[in-house]
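Please look over the sequence and the structure first.

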Amino acid sequence: MNFATKLLHGSNAIDGVTGASSIPIYQASTFHQFDIDQPNTFDYARSGNPTRQALEDAIAVLEGGTRGFAFASGMAAISSVFMLFSAGDHLVVAEDVYGGTYRFLTKVLSRMGIEVTFVDTTDLKAVEASILPTTRAIYLETPSNPTLKVTDIAGVCRLAQAQGVLTIVDNTFMTPYYQRPLELGADIVIHSATKFIGGHSDVVAGLVVTKEEELGNQLYMIQNGFGAILGVQDCWLVMRGLKTLKSRLDVSTKNAHKIAQWLDRHPLVEKVYYTGLTGHEGHAIQNRQSSGHGAVLSFDVGSREKVKAFFDAVQLPLVAVSLGSVESILSYPAMMSHAAMPQDEREKRGITDGLIRLSVGLEDVNDLLADFEQALAACARPQTLKRVGVK
Ligand SMILES: *Cc1c(COP(=O)(O)O)cnc(C)c1O
């Protein structure tokens, strides 16, 4: 079955009890046991609920894994996965990792005796050199945020497997439509389903898929034991979003490609980061390991003043912290996702005061281009020199 069909018919397309065309929301915390000698599949909703189960089965099928898990947020999913590890364990983590993940690793896990080395995972030699005898996992995010650096997933998995180390991939930016890390050798895939999978800026959710049953059993123990489960209403919203994942991404990726090429030619734009551009450093690896380049790109207009002028003038996109929705979303990494990072560290990573991230939505691309054209023209007008905030 091809991916588009799998989205609709891969698993749990129809309610097995009534034939309903969408899985019912089982708004129940507990389940009557008809015969205490023969326990039901479901007993208590933290441990399992048919609505959540349907979503968990669906994502497992789409990622090509054995077990799926739905959590209260992307961060609940990520934190729960890190609870697989114990004091004395060491993790190798991509240096461009999501800010919330960085915070959990450095502020929480560090207190529990779990050590982390942050490395540039696009450099396989650096990854190999950072593996210690106590290393238990390598944690990746590719393409990374916001400069879209590409890590060779299969290359990292080969290094990890040779050392008996797990590979964990945050696949939020690509979704299983474009990239399936388990097929490339990874052990665990994580999503913030708040982004492309939910797809409508109306739900916060996290998903995890394990390749092997045994790792799935360990994670189930943590999901049930820690309890950061996704509520049934939100499970239903995520399943609803999932049905149109391919159609949404086809349109927004096509739009992103066109916008990236247009920005790349624009005299007022200093640099564009999009893996779909042939000049992007990770272009070839991305083509090899993914079937698409996604809907997120970043571009540099040169200064904070110009960013301010651009954001003041732009009409259509939301200016917000998030991505992966039906509407286009602009964000300002220097003051939003990467505000906590020291300026020199930020600049070293290309996250300058002039960098803008764009998650492209489903608007007519010509309307977006016209809007960006007039907003860039506003950047070009003489700027006031005072330092200004961003709305
Ligand atoms: C948003 C995001 C997260 C965190 O997910 P939440 O649903 O906001 O908790 C993790 N990883 C990536 C790549 C993200 O974009």
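Ser 291 counts as exposed, because its relative accessibility is 55%. Exposed means over 50% relative accessible area, buried means under 20%, and partly exposed lies in between (1.4 Å probe, protein chains only). Ser 291 is found in the loop between helix 11 (283-289) and strand 9 (296-300). Helices (H or I, at least four residues) and strands (E, at least two) are DSSP runs, numbered from the N terminus. Ser 291 and Phe 311 are 20 residues apart in sequence, and 32 Å separates them in space, C-alpha to C-alpha.

This is a predicted model, in which local features need pLDDT of at least 70 and side-chain atom pairs count only at pLDDT 80 or more, while totals for chains, interfaces and linings use all residues. Residues are numbered from 1 along each chain as its sequence is written, and side-chain values use heavy atoms, with hydrogens and water left out.

**The ligand site**

The ligand is surrounded by 13 residues. The closest are Met 75, Asp 170, Ser 192, Thr 194 and Lys 195. A residue is near a molecule if one of its heavy atoms lies within 4 Å of it. By class, the shell divides into five nonpolar, five polar and three charged residues. Here Ala, Val, Leu, Ile, Met, Phe, Trp, Tyr, Cys and Pro count as nonpolar, Asp, Glu, Lys and Arg as charged, and the others, Gly among them, as polar. Helix 3 (residues 74-82) gives the largest share of the shell, three residues.

| Residue | Protein atom | Distance to a ligand oxygen atom |
|---|---|---|
| Gly 74 | backbone N or O | 2.9 Å |
| Met 75 | backbone N or O | 2.8 Å |
| Ser 192 | polar side-chain atom | 2.8 Å |

Taken alone, the ligand exposes 380 Å², and the protein buries 92% of that. These accessible areas come from the Shrake-Rupley method with a 1.4 Å probe; for residues, only the protein chains shown count as cover.

Gly 74 lies in helix 3. Is Gly 74 buried or exposed? Gly 74 counts as buried because its relative accessibility is 7%.

**Backbone features**

The loop between strand 4 (135-141) and helix 6 (153-162) holds Pro 143. The peptide bond from Thr 142 to Pro 143 is cis, with omega near -5°. Pro 146 is found in the loop between strand 4 and helix 6. A cis peptide bond joins Asn 145 to Pro 146, with omega about 0°.

Leu 148 also lies in the loop between strand 4 and helix 6. Leu 148 is not a glycine, yet its phi is positive, about 55°. At 2% relative accessibility, Leu 148 is buried.

Ser 201 has a positive phi too, about 50°, although it is not a glycine. The loop between strand 6 (188-192) and strand 7 (206-210) contains Ser 201. Ser 201 is partly exposed, at 42% relative accessible area.

**Buried polar and charged side chains**

Glu 56 is found in helix 2 (residues 50-63). Glu 56 counts as buried, because its relative accessibility is 5%. A polar atom of the Glu 56 side chain lies 2.7 Å from the backbone nitrogen of Ala 70.

Asp 353 is in the loop between helix 13 (343-348) and strand 12 (355-359). At 10% relative accessibility, Asp 353 counts as buried. Its side chain makes a polar contact with the side chain of Arg 346 (3.1 Å).

Ser 328 is found in the loop between strand 10 (318-319) and strand 11 (329-331). Ser 328 is buried, at 1% relative accessibility.

Note on methods. A polar contact is a pair of N or O atoms within 3.5 Å; within protein, one must be able to donate a hydrogen and the other to accept it, and residues adjacent in sequence count only if both atoms are side-chain atoms.
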